[in-house]
Amino acid sequence: MEKMEKKQRKHQQKHSGPKAQKKKLKNQEVSTEDDARKRNPKAFAVQSAVRMARSFHRAQDIKAKKHHIPVVDRTPLEPPPVVIVVVGPPKVGKSTLIRCLIKNFTRQKLRDICGPVTIVSGKKRRLTFMECNNDINTMIDLAKVADLVLMLIDASFGFEMETFEFLNICQVHGFPRIMGVLTHLDSFKNNKALRKTKKKLKHRFWTEVYQGAKLFYLSGMVYGEYQSQEVKNLGRFISVMKFRPLVWQTSHPYVLADRMEDLTDPEKVRTDPKCDRTVSLYGYLRGTHLKNKGQVHVPGVGDFQVNDVNFLPDPCPLPDAQKKRALNEKERLLYAPMAGVGGLVYDKDAVYIDLPANHVAQQQEEVRPTTELVQSLIDTHATLDAKMAASKVSLFSGSATLDPADIRDETRGLEGREEKLVWDSNTQKERRKVVFTGEEEEEESGTSDDEEDDGEQSDQAEHEEEDDGDLSAFLKEETAESGGPPTKKQRVEERRGEEDWVAEVPAFADSEDELEVSEEEEEEAGRGGDSGHSSAESDDDEDWEDEGSEAEDVMKKQKARDESEEEEEEGALRWKEGLQQKAAEAFLRQQEAAPNLRKLVYGSVVEADDSEDEEEELGGLFRVSRPQKSKRSQWNAVDCSRFIPDTSHNWDTEEMLDSIRDCFVTGKWEEDQDAATLLKDDEDVYGDFEDLETGEVHRSQTGHQKEEEEEEEDEEKDEDEEAEVKVDDEELQKKKRLEKKRRLKERFDAEYDDGDATYFDDLKEEMQKQAELNRAEFEDMDDEIRVQYEGFRPGMYVRVEISSLPCEFVTNFDPHYPVILGGLGSSEGNVGYVQMRLKKHRWFNRILKTRDPLILSLGWRRFQTIPLYHIEDHNGRHRLLKYTPQHMHCGASIWGPITPQGTGFLAVQSVTGTKASFRIAATGVVLDLDKSVTVVKKLKLIGYPYKIFKNTSFIKGMFGTVLEVAKFEGASVRTVSGIRGQIKKALSTPPGAYRATFEDRLLMSDIVFLRSWYPVSVPQLYNPVTSLLLPVGQKDGWSGMRTLGQLKQDLNIRNKPDTDSLYKPVVRAPRHFNRLHIPKELQKALPFKSKPKQQQPKRKTPRDLQRPSVIREPHERKVAALLHALSTVHSYKKKKAYTAQHARHKEFLQQKEKQEEAKLKRQKEAKKKLYRVMGQTDQKKQRSSLKGASNND
């Protein structure tokens, strides 16, 4: 029976989780190295001090190499999205990879990748993907703003030139993080070839980037997409990657625009299509803070002044801070306006609202309220004014309908102004006078506001029940007829909390100034301040309340109208009523008229109360209601320059007395301001002192008290310990003593030791404190006020309005090309002389020539200029170079924009199209920003001697006037033969001649030259590359000034050769030297063989001794010819016999050689045979001797 019982399952130990981790740590602690040290201390002793010092130094070097200079962390709490640029040659899979990553993060499919695509990838990170095409302009611009570069490489083809070009661009403009991605790996059928290719590409990639750079492998495609697990792994790396701040990005504000709108008046565009446009660009602000009205540069367009900057609600916000591991479906946001994703799709002349189906859980019939605004816009057949005029409303069933005209008449008094017809006797006309009876309302509520109100009401209609349909319809009609939504009360009314207070013109104004001031305040209250959200920031539309409260307000209005009609009938003595209240209100208005200091300093003031009720504008068309803002504390927004007395305070209550108790000496002050506390602190610091005359020590009361308290505490602790000792055993006593010693030691170390903190740790801590201080400075301040103090901070979604943009920017706009707004410093908008250090790139196949135009990428700009190359000599002279050196740096002077020193730049000769060769011509860095460096060119002046007096000569042909000679008096001259001289003084004739002295006597054939230096001026050419203004499809075809060689090639011009430069045959006339004359005295002293011989010249042979010529007879001639023929035949036969003999002898030698070889072979075989026999006999003898020896034994 027991066997049949079911066995209980054993306890399964956990292998992961917090409990398993604790157990693992516990097991590790048991067998730690410390225990081994205790068991065998000698084994861990220092064997070699030198080896230990070497290993310690190496460990410290490795640790120090990992250190970077700490930088203050200026990233905001909500950082801007990380810019990820996907780079690679054409057809390598850039768009496919972006689509797969977007699908991995947001579960959405994006067909066309146009412009920046922003997504939420995690709880604290957003990503902006941007595809980089093959245009060198796009590659340069995106390298300046990229935080991470995904470099796609076609593994089946290998590295292409675009990859290395982009790497060099990144090295110049601040190296962002780079990750390589290998694609087309499925084209390899052989695994060995695949592994070999991977290894080869990886090591080449490491050589270009750094050792250990991450390289991902996308093994293949499944249904047109990369494998989901590989994309997920890539996404994980991107999500957790850390970025090092780049110098240029952290010192300049910049915006990668993801949306563009043309704000130009359509009528102006119709009349003049080529007029300059006013454009608003939207995007996340990155880098540093951006000030309004600053100067920006748009790469590919030019420099512009910013008209206005506003911050908008974040279209792709981070999820709320909640303790959860993953994002839910609603928080996986995707925002790409240029690709038609993100709620709003902007066309050239229309705005469309995109409602994606993946976020809608109900059926189309249930979603009807969501699309009510769109449906109403589509189904509209009449204008809003016509609808308002024709609309009628009945408050109750069966009651009379209210006409808009009646409501307009009744609400005219509430609008704050009345119309009165007055006869003007001067003009003999009846004029319409406006009588102000209340506070002015805002005049800017137009049709756009009505549309916004309709949109808000349609959004609210989703959450209403069906029973409230009639009530909401009634409220809409009422709102439409009254010209806007029911607004809340003004700021003054909200501060005082008086519901029945009505803003009027002062009844008892002391002067006209007060009247004007009160009217200005009313206009300010109507405007609602400068919100900074959008261009329509002056709209004062308020958030809608719930439907029930609106119905109550309408009923109250109706009741108030009835009461006012009854009061009008009572009589004309109404002005006597409420005189005390009117006087109090007039006094309050007078107090409010005090000058607002913040307004005087910063211009427009944003009141906190207004920002509470203000609606933020989204995209310049719709408004977003933010009810959570009303819950925020508004104390920081109260203007301290004004004091508004509150008449509603009841000073009999205890709470009101407590609120002002600290204003008096008897009240309880703060700890750092309380007199008793400050005196106590002074006693602690200065209380104990010694009288130097008497030597008496005076102690403060608090000091004595402290000592006594400490002694009492110590005694109590000792007593407690003694009591415990009595109870506990010896082990417990030992533990107590050890614990006490440890605490004392820790206290001592904390007071006197710095611990293991190094300088680097202290520097990091200091930077951390500075970062916390920066964050805490404006942390509690409202955004509208904070923007006025520090500017627009990074991470905000801003709207930048720029005027005077060329019309081609709008008409030729292509979302595939990035639009970057780079903020410029205070002096970076100027143009001047810039000194650089430049080196020709070793992969560029041509050297660079001085005065050839070059396209530079410097800072945010891309521009064409004419550089002068020069090199510094040992004496500090900057000598002009005709060409750049081959493998070394040289100086370059240009006329260009002022850029901070240390900024890197790169140069290309052309940005037109693609070339097979490497396009980056040179790289370098900015050195100076002034004109102090003078570039000089060598100039040789040539002259000829025309009179020679020993070492003095008269030189002509070098100068033209006496004045020129006077400038060069004392200058050193030289002859071609190397004789040095100096210019002394000018001669009267011929003009330009001078006297010069030389080291030796000149010859008339010598040429004298003077080496001088001529200053060269830098050509003032600054031509920005306006590639974004070109038509779509031709944006990579920008061409500026051509080089001299290109001009000659295009125009087919050939240089005429200089005659002096051509090679000519050298004709040298023979020189006749005089005979060597040796004096007779010297001849006597010479030896005989060296004495000159008196040789008589050979005379002609006499005629009788000359041999006469023989003339042969014809017979003799025949005999001579026959002999000559016989001798020729004999010599031929002799030669033939010799050749045959030579051949026979050669054959004989070959046979003899063969015989010798055979003989040697036979001898070798015989020797082998002999040696074998001899060896055998020796072995026999040895064996017989061994046998004999054994027998003898």
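Reader: Is Arg793 buried or exposed, and at what relative accessibility?

Author: First, the general idea. Buried means under 20% relative accessible area, exposed means over 50%, and partly exposed lies in between (1.4 Å probe, protein chains only). At 18% relative accessibility, Arg793 counts as buried. Some ground rules: this is a predicted model, where local features need pLDDT of at least 70, side-chain atom pairs count only at pLDDT 80 or more, and totals for chains, interfaces and linings use all residues. Residues are numbered from 1 along each chain as its sequence is written, and side-chain values use heavy atoms, with hydrogens and water left out.

Reader: Which residue meets the side chain of Arg793 in a salt bridge?

Author: A salt bridge is a side-chain nitrogen of Lys or Arg within 4 Å of a carboxyl oxygen of Asp or Glu. Here the partner is Asp783, at 3.2 Å from N to O. Asp783 lies in helix α27 (residues 783-790), and Arg793 sits in the loop between α27 and β23. Asp783 is partly exposed, with a relative accessible area of 24%.

Reader: How are helices and strands assigned?

Author: They are DSSP runs, numbered from the N terminus: helices are H or I with at least four residues, strands are E with at least two.

Reader: How many salt bridges does the structure hold?

Author: There are 18. One of them joins Glu165 to Arg919, with the closest N and O atoms 2.8 Å apart. Glu165 lies in helix α6 and Arg919 in the loop between β31 and β32, so the pair ties together parts that are 754 residues apart in sequence. Glu165 and Arg919 are buried.

Reader: Where do Arg861 and Asp303 lie?

Author: Arg861 is in strand β27 and Asp303 in strand β13, 558 residues apart. Their side chains form a salt bridge at 2.8 Å, N to O. Arg861 is buried at 3% relative accessibility, whereas Asp303 is partly exposed at 29%.

Reader: Which strands pair with β23?

Author: Two strands pair if DSSP finds at least two bridges between them. Strand β11 (residues 277-286) pairs with β23 in the antiparallel sense over seven bridges. Strand β13 (residues 302-312) also runs antiparallel to β23, joined by six bridges. In β23 (residues 797-805), seven of the nine residues are buried.

Reader: Why is β30 described as largely enclosed?

Author: Count its residues. Eight of the eight residues of β30 (residues 890-897) are buried, so the rest of the structure largely encloses this strand. Strand β25 pairs with β30 in the antiparallel sense over eight bridges, with Gly832 opposite Gly896. Strand β28 pairs antiparallel with β30 over three bridges, and Leu868 stands opposite Ser893.

Reader: At what angle do helices α4 and α8 pack?

Author: Axes are lines fitted to C-alpha atoms, for helices over the stretch in contact, and angles run from 0 to 180 degrees between N-to-C directions. Helix α4 (residues 94-106) and helix α8 (residues 228-240) pack at about 75 degrees, with axes 10 Å apart. Angles under 35 degrees count as roughly parallel, over 145 as roughly antiparallel, 65 to 115 as roughly perpendicular and the rest as oblique. The two helices, α4 and α8, are therefore roughly perpendicular. Contact means heavy atoms within 4.5 Å. Residues making this contact include Leu97 and Phe105 of α4, and Val231 and Ile238 of α8.
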